Amino acid sequence: MANPTMQCAGLKVPSAIAYHLFKMAEEGRKDKKDEEIKKIAESAIENITKIANIVQGRATTSNALSELQRRFPTTSGRTAASSINTGTNRARAFRSRSTPYSNRNPGRPHGSSTVTKDVIVIEYGKDRIPSKSEKVELEKSGRIICGFELSREWTAVQLEKELSYLLKGSSMDGFSFEIMKNCSGTLVKPNIPLGKRIDSKLLLKSIAPSGGIYIRLLADLPSDDDDDFLSLSSFESPTTRSITSLNSTQSLNPSATSTSAITASASPAANITTSTANASIAEVDLTDEKPEISNASKEQDAVPVHTYQANPVECPFNIDSIIDSAKNQDLLEPVEVLRFLQEHIIQGRKLDIVSVEEPTDGETNFINVNRDTALISTFSELEFIENYRFTFKVGFTGEDVVDLGGPRREWLRIVCREIKEKYFDRGLRRYLAKDYFNVGIMLALTLLQNGPMPAFIEEEILNDVLTSSPQSSNPCIAEVQAGLEKLGMLSALQKLPMLHYLLRPNSQHPITVPKLLGLLKPKYSEQGSNALKHEKELYQLFVRFLREVASGLRSCGNEKLQLSHILTFVTGSAEEPILGFALDPSIEFVKTDLGDGFTPTAHTCSNILSIPVASSVNPLPSQEKLFEIYDLAFSQSYFGSM
C-alpha cells in the first residue's frame, strides 16, 4: 500500500493519524481487530485523498459540491463553495490583518434593516411560555413560525398586517390576537402609553428585544374532532359549507331549526355556545354550486335559511316613561339629558359620595375583577347579575380596596380600553358575536355610572347600532343592541338623538396642565403658620413636575408618564367624567417626621391626593430625587401600599 503522506501532502494531521493506524496493523500486532483497523485506515486514506483533490482543484466544482454534501449532509452549499475559494479567503484574511479598517466607514456600524424572529402563537387564556415538550406540539400544529423577517421601520398597522398574514391558510386564519411580553416565563400585556400602538421599533426595543415574538389569540381555537356542524352556531364554522353537502350526509327535517354554519368568508371561529333566546337572525346560504332539486322534494329537503339564536332586544323596565319625562323637561344639553337618565335609571346606593361623613347605604352589584384579565373576569361576573340598574361595587383581586366610587371608575376605564382594542379597533368580529351582548351592557354602564364616554366606535358601526332593526343581519350589531337595552340605553339613544354627541370623538377633551391644576385644588394651612412656607415650596415643585410630564420628559421604566396617569392615580378616571366629579379633587399636604418618605398617596373615592411635605427635621430631597419618587408613584395603578 502506498504511503498515505505521499497522497495527502499538506494535510499532515489527518494523514498522520491514518498512517499511524496503517503501521499498527503492518508491524504485525496480532490483535483480532487487525483487519478492521486496516479497513478503517484504508477508508480514511481514501476519504482524505478525495478531499485533498477537491481542495487542490483536481475535481470539478459540481463533483466536489456533491461529494461534500454526500459526506457532510449538514454542511450547506454555501459552506462548500467557500471551502473551494480557500486562496481567496486567505488573501482577504491577510488584507484584513494588514489594514483592518481600510474598508469601513467612520462612525457607528449600521445594523441590518430587518431582524429574523420566531413567532409563537399562544392559545387564548394562556399566560405561560410553552415548555420544550409543548413547543414540539406547537411546531407540529404550525403555531411556531420560524424565520419571520421583521423590518425595523414597520408601523403598527404594517406589523399587525404582517403578523396576520402568518396565520393565513391555517386554522387560525382570521383570528384576532395580541402581542405579549415574556417576563421570566410569564406572558403579560406590554405596558404602553394610552393611545399608542405597538410598532416594530417598540416591539424590538421593549417587548421582544431577544427571543421570539409571542402573540396570543383572542378566541378559542375550534376543536379538531368537532365534526357535528349542526351543533354549531352560524359563527362557529371555520369554512363555508353548502346546504347540499349537509344533505348528502344527513337527512334534514324541514320542521327543525338548523344552526349549521354558512359564512361568507373562510375565517375560523372560536367554539361559541349560542345563547338561548327568542329572537333570531337569518343567515342565507351563499354557496354558488347547487344541484337541481325536483319540485316534489324541495319542501322536504331544501333548507334555504339558517338561524342564529340571539339575545332578545327588550328592556326589563318601562324606559319609555322615563324618556317621555325627559322630553317634557325641555332639556337642551346632552349632559343634562344624561344626568336625568342617570337619576331615573340607576338604583340602590349613590354612585359617588358627596361628603366623607355621608353614609354609604344602599343596594349594590358587587363584582370581583382580576386586573390582569379585566375583560374576561368582568364578563364572567356579569353572568350572575340579576339587576343591572344597581350601582356597581368593584373589588380588585389581591388589592386592598373599598369602593365608594373611585375603584368603579378605574374598572370602567380599564374595561372600556380593552373593549376598544379587542372588539372595535379591527372591525366587528363575527366569531365573537356572543361577546357583544356583554359589550353592549358595559357601554350602557359606562354611560350611566360615570365612566369614560365610549367615543371610540366608528361612525358606520355606531349608525348601524342606532338605526338598524333589532333583527339586524349582523349578529354583532344585534347583540350590542340587546346589551344596551338591558339598561334602556338603546331606546334612549334612538329617541333622544342629542345624546349622540356624547359618543362622538369631539366630545372628548385632552387633559392639559391648566385643566389638571384647575381640578386639583391645593388645601393650604392657615396664613402665618410655619407649614405654609413648606407647602407653597412643594406645590411649586409639583407644578414643575406636571409641566415636565406634559413635555414628555418624565418616565418610569419604558413607560412615559402622561397627565392622565396623575388624574387616574387621584380619581380612578383618566379624564374628567362628562357629569363631573361628585367631590372636587384636591391636594392635601401631609406632615412628615424624621425618616418619613415623600411618596404621594391618593384616596380615589374622595378624590384626594396626599403629598408629604418637608419639615424642620425632615427636609425635601433634591428635585431630581423627588421627581423620581413621583415617577414611580404615578405610574402605579394598583390600590394599596407600594
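Helices (H or I, at least four residues) and strands (E, at least two) are DSSP runs, numbered from the N terminus. On that basis, residues 381-419 are 41% helix and 15% strand, and the end C-alpha atoms of the span lie 16 Å apart. This is a predicted model: local features need pLDDT of at least 70, side-chain atom pairs count only at pLDDT 80 or more, and totals for chains, interfaces and linings use all residues. Residues are numbered from 1 along each chain as its sequence is written, and side-chain values use heavy atoms, with hydrogens and water left out.

**Confidence**

- pLDDT is the predictor's confidence in each residue, from 0 to 100.
- The protein has a mean pLDDT of 74, and 68% of its residues reach 70 or more.
- Helix α16 (residues 435-448) has the highest confidence, at 94. Helix α10 (residues 243-249) has the lowest, at a mean of 36.
- Over residues 1-13 the pLDDT is below 50, and this stretch has 17 contacts beyond near neighbours in sequence. Contact means heavy atoms within 4.5 Å.
- Residues 225-307 also stay under 50 in pLDDT. The model has 154 contacts for them beyond four places in sequence.

**Annotated sites**

- UniProt positions are given in the numbering used here, feature names are shortened, and annotations may be inferred rather than shown by experiment.
- An unreviewed UniProt entry carries "domain: HECT" over residues 381-419 and 566-623.
- The feature "active site" in UniProt (unreviewed entry) falls at Cys-605.
- Cys-605 sits in the loop between β14 (601-603) and β15 (608-613).
- Cys-605 counts as buried because its relative accessibility is 12%. The classes are buried under 20% relative accessible area, exposed over 50%, and partly exposed in between (1.4 Å probe, protein chains only).
- Leaving aside neighbours within four places in sequence, Cys-605 is in contact with Ile-353, Val-402, Asp-403, Leu-404, Gly-405, Gly-406 and Pro-407.

**Two further buried residues**

- Cys-416 belongs to helix α15 (residues 406-424). Its relative accessible area is 5%, so Cys-416 is buried.
- Beyond four places in sequence, Cys-416 is in contact with Thr-446, Pro-452 and Phe-456.
- Cys-416 and Met-453 are 37 residues apart in sequence, and their C-alpha atoms are 8.9 Å apart in space.
- Thr-391 lies in strand β9 (residues 391-396). Thr-391 is buried, at a relative accessible area of 0%.
- Not counting residues up to four places away in sequence, Thr-391 touches residues including Ile-346, Arg-349, Glu-363, Arg-408 and Gln-449.

- Two strands pair if DSSP finds at least two bridges between them.
- An open sheet of four strands runs in the order β10-β13-β15-β14, with mixed pairing.
- β10 and β14 each have a single partner strand, so one side of each is left without a neighbour in the sheet.
- Neighbouring strands of this sheet are turned by 30 degrees against each other on average, direction ignored. Axes are lines fitted to C-alpha atoms, for helices over the stretch in contact, and angles run from 0 to 180 degrees between N-to-C directions.
- β13 and β15 run parallel and are joined by six bridges. Ile-587 has Leu-609 of β15 as its bridge partner.
- α21 packs on the sheet, touching β10, β13 and β15, and its direction makes about 115 degrees with that of β15.
- The 21 residues of α21 (residues 530-550) should span 30 Å at 1.5 Å a residue, and its end C-alpha atoms are 32 Å apart, which agrees. The expected span is 1.5 Å times one less than the number of residues.
- Buried residues of α21 include Leu-532, Tyr-539, Phe-542 and Phe-545.
- Just after α21, Gly-552 takes a positive phi of about 80 degrees.
- α22 lies across β14 and β15, at about 55 degrees to β14.

- A second open sheet has five strands in the order β2-β1-β5-β3-β4, with mixed pairing.
- Its edge strands are β2 and β4 (186-188), each pairing on one side only.
- Twist averages 40 degrees from one strand to the next.
- Four bridges join the parallel strands β1 and β5. Ile-122 has Arg-216 of β5 as its bridge partner.
- Helix α7 (residues 132-140) lies across β1, β2 and β5, at about 80 degrees to β2.
- Helix α9 (residues 200-207) is mostly covered, with six of its eight residues buried. These buried residues pack against β1, β2, α8, β3 and β5.
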